There are 2 protein chains.
Amino acid sequence: MEDLYDRVMDLARRRGFIWHSYEIYGGVRGFIDLGPLGVILKRRIEDKWRRFFVDRLGLLEIETPIVSPKIVFEASGHLEHFKDPMTVCTGCGRAYRLDHLIKDSVNIPDSRLEGLGLDDLEKLVYNYDIRCPQCGSKLGKPEYFLTMFETRIGPLSGDIGYARPETAQGIFIAFKRLLEYNRGSLPFGVAQIGRVLRNEISPRQGPIRLREFTIAEFEFFFDPEDRSCPYISEVENEELRILTAEQRIKGLDEPITITVGEAIGKGLIKLEWLAYFMALAKRFLRELGVPDDKQRFIEKLDSERAHYSIQGFDQEVYLSRWGWVEVSGHNYRTDYDLSRHQRFSGVELTVFKQYPSPIKAKKLVVKPDYRSIGSKYREEAKTIIATLSRMDPYDVKRAVSEKGWIEIEGYRIESSDIRFIEEDYEESGRKFIAHVVEPSFGVERMLYVVLEYAYSEVDGRIVLKLPKDLAPIQIAVYPLLSRDGLPEKAYQIYRSIKDAGFRVEYDESGSIGRRYARADEIGIPIVVTVDYRSLEDGTVTLRDRDTWRQVRVDTLNLVDKLRIYFEGRVSFSELGIPV
Amino acid sequence: MEDLYDRVMDLARRRGFIWHSYEIYGGVRGFIDLGPLGVILKRRIEDKWRRFFVDRLGLLEIETPIVSPKIVFEASGHLEHFKDPMTVCTGCGRAYRLDHLIKDSVNIPDSRLEGLGLDDLEKLVYNYDIRCPQCGSKLGKPEYFLTMFETRIGPLSGDIGYARPETAQGIFIAFKRLLEYNRGSLPFGVAQIGRVLRNEISPRQGPIRLREFTIAEFEFFFDPEDRSCPYISEVENEELRILTAEQRIKGLDEPITITVGEAIGKGLIKLEWLAYFMALAKRFLRELGVPDDKQRFIEKLDSERAHYSIQGFDQEVYLSRWGWVEVSGHNYRTDYDLSRHQRFSGVELTVFKQYPSPIKAKKLVVKPDYRSIGSKYREEAKTIIATLSRMDPYDVKRAVSEKGWIEIEGYRIESSDIRFIEEDYEESGRKFIAHVVEPSFGVERMLYVVLEYAYSEVDGRIVLKLPKDLAPIQIAVYPLLSRDGLPEKAYQIYRSIKDAGFRVEYDESGSIGRRYARADEIGIPIVVTVDYRSLEDGTVTLRDRDTWRQVRVDTLNLVDKLRIYFEGRVSFSELGIPV
């Protein structure tokens, strides 16, 4: 028996939304093509995301390359952390992602698996006698596999590069330019929608776990000493379903329902911006067709959280076959990435914030005794003094007061050779590294979610109840029959609707019933039918996809009526006289 | 002295159109970031391309992966052909693209270089004593470098993949699905806009020669027996400037000017569809701001043409620093790609076209003499007969009539063991492989072209005269001063313009003169200024970027006036009363 997933994917393939890539070569797991309707649906989702986040928050949007030199991922920590446990079957040579294999083989909750090291996983394999699901042989010793695609940039073999697994690093690296574009001030956010690649060991979930997919994410930079979100009141009564880390550790899996305001008040969400974006994300998925009770946020455990995050939530949506599946991640990345890139590049990535008026302050200054140091260290004296002047005076004072001396350039400098004085100075502002919170959405996952939640069967026929604003084709114009002047009249109406900017199709082939059925399958909200009466009195019927009801409308103000309908200002039945 | 290229790129960097990627790490050649304005400009160009080609021609648009398994590029011929000659300096170890190095070192026309083999290039290096431009050492032996990025898919080291250097293969591979989507009929076209990667040996031309960039291309499939383009009359009087292969071989470099109709009539362009798309491409570049005399098409020589093409033209645009630069390529790829994928995949990629009524025809049938073959070859007889039945009967007949026998499965089958008969049958239609013509545009190149052609300096100030429909920001709303209620009034006008769907910005910081200058630099066509009179009589001034003229307009119908202005229905001076 086909489950809902199979039926949705069958429709997706037949109707040109999604199919597996490289089908004629037997397919390669983890890659999908978007067909003609899939491309439009994806673009509608991306455009909606832009309106919802980019336009609302005034985000800057940039595009950076997929291929990045190695140092980027050394700095970002990905080379160290972006890897999954793998095992290769000693019999058939198949590779498996080990934590997934264990999860599929024995009943262990996610929360107990994700943080485990190779030794722990190996023990589980041994204890439960887990074997290759394909051939039954023993599994090889677990090892880590770096899940980034590696390549070489240019002809010289040393220049290793990786395909980005997230678009975020391109934003962090360009931070200086972006801050300048924003005239030096915080807060501001930078979005990127683009392809990313993750070299999954053995992906098996169609459009849910892909090796190549599209991320829509933004990095929102703010001053860590000014953490409040001015828009929080817009969402403070929005209810979120949250499964907290505390609950998860206790083995509970029923989320609590809590308002954004309470979640912040109780310290459950540690940052207002994080809570604000989570609330928006919930509303966004609701507008994609996912009801509130099919959404939840789960807080990541210490062991699960990405290396850059100090608090993170996954927004999950319930899917028929896969259960709760992440559609967006919300991480408080702090200053981790910018600090690391500052360190690895040697380029300052700080923000300067001017005080309303300069602050008088004292600072510690190290005064070396030039004569004494000169006589003791001769040629080395200059280097020693230069090094000393570059050091943090507080570090010098601490060392000297603890040990009575400090080692510089291999020489022991005694406390008697150094004086410390406090000087008055005026500080005109603060220099600091911006903190960042990141909402990150998987576009193909959302696309699948939209299809699954829109999918319905009525009287054995498929009706794809896509949200009106996402439907790849908004309106179809069909002549009842392909003769007697009906096609000409219908085509003329089609042109006028098209010229008004709608996504509209014209079709005269086959019976009207078959055309209605196809329109329902690809989720066209409104079909305009031109019949014999249209030739007489200039009226047409409009058919509503979701109720199959029909109304009769004059073509004179048809375009205006369609416009206010798609803007959500009138209901279908208000469009005309019921037929 | 800075040349135009430097000045354009300086502006592009300062104003957030384009900057080099990975700047804080010293940059990596061949990669650029698009900043906030660059992303919008790029999207405007892509949207325009969609309107111009996809909507006009009813193309299907799809999205396929960047990473492809090796067999795709074995089949497509890229593994064999997609390589450049390289040399590595024996002194400093720098790598050079050899043909470019020779071109830069000695004065040899392109047409004499592009088809040369490694031996020929080595001779040129020797004859002209060409050395490393960096250190003066001798150059190493030339070799070919495959200019695709290589990687591995999944953890098993055998699964080599490549990043696509064009989006076309994704379309060819999905041909069966696409034909089905198009209900089995030709002609139809399939577009793809997406990232591609080319591992250039030593790219040095900023946004002109990139290792990662965006291609907008489409494959237009047609029946080779029905080659006419029904829209050709739309463009037959369009004049094209063409530098033909014949001229180029003679060393001429002044293009001829010829109408599309004549070019087809004289056989200069071998295919109507090719000519039609070239004419559209010319108009497209004109709408991007490139005058006709700064465009030309050059016909590729046999030695230059891609391996899949039987006739090809590059559309070139004249750029200040780089001279004539390709912005789009137009190739008649015939059935090359589909045939190759059919062969490599074993999956039939033909089109079936029904005849109006079945045709009676005769076909050749091979009748083996079972008894004789059985007695001669015993256990092998079955295999021999099966093989024979799979062979093309005409091939069998030809072999037998030429040699008197045919070799099958290592055995010599004599003519006496085979009979040939002609059978009557009815053919209901033709099965054939579609031919394809491909226009392919480089998006980042077009973006740079737009910037260079929009760039102007007036009284020492930069004015970016972007085509109105491409301007990332269409309208700015500025209060004259940031006090006395002017900002509130201006912000309210800004909101109403934004709500009407325009790309609009609001800014109140700094003097109005500085804001005008910035608006000119980023190419905002119209600035709305709110002054004291606005508070009294509800009028505002509109300022035209290109002429700096101003008119006074009532805010009551401001949005409508802006709309008809951006639709090109009125000129600036018709918008209001001159100030």
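In chain B, the axes of helix α5 (residues 98–105) and helix α7 (residues 118–128) come within 11 Å and cross at roughly 30°. That angle makes α5(B) roughly parallel to α7(B), a label given to angles under 35 degrees. Axes here are lines fitted to C-alpha atoms, for helices over the stretch in contact, and angles run from 0 to 180 degrees between N-to-C directions. The crossing of α5(B) past α7(B) is left-handed, that is, the near helix is turned anticlockwise from the far one by less than a right angle. The residues that form this contact are listed below; contact requires C-beta atoms, placed from the backbone, to lie within 7 Å.

| Helix | Residues in the contact |
|---|---|
| α5(B) | L98(B), D99(B), I102(B), S105(B) |
| α7(B) | L121(B), L124(B), V125(B), Y128(B) |

By class, the contact of α5(B) with α7(B) comprises six nonpolar, one polar and one charged residues. Ala, Val, Leu, Ile, Met, Phe, Trp, Tyr, Cys and Pro count as nonpolar, Asp, Glu, Lys and Arg as charged, and the others, Gly among them, as polar.

The model is predicted: local features need pLDDT of at least 70 and side-chain atom pairs count only at pLDDT 80 or more, while totals for chains, interfaces and linings use all residues. Residues are numbered from 1 along each chain as its sequence is written, and chains are lettered from A and ligands numbered from 1 in the order in which they are written.

Chain B also holds an open sheet of six strands in the order β25-β24-β26-β27-β28-β29, with mixed pairing. Helices (H or I, at least four residues) and strands (E, at least two) are DSSP runs, numbered from the N terminus, and two strands pair if DSSP finds at least two bridges between them. β25 (504–506) and β29 (577–578) of chain B stand at the edges, each with a single partner strand, so one side of each lacks a neighbour in the sheet. Strand β24 (residues 475–479) of chain B runs parallel to β25(B), joined to β25(B) by three bridges. V477(B) lies opposite Y506(B) in β25(B).

Between the chains, 47 residues of chain A are in contact with 47 residues of chain B. The side of chain A that touches chain B has 30 nonpolar, ten polar and seven charged residues.

Terms used. Parallel < 35°, antiparallel > 145°, perpendicular 65-115°, else oblique. Contact = placed C-beta atoms within 7 Å.
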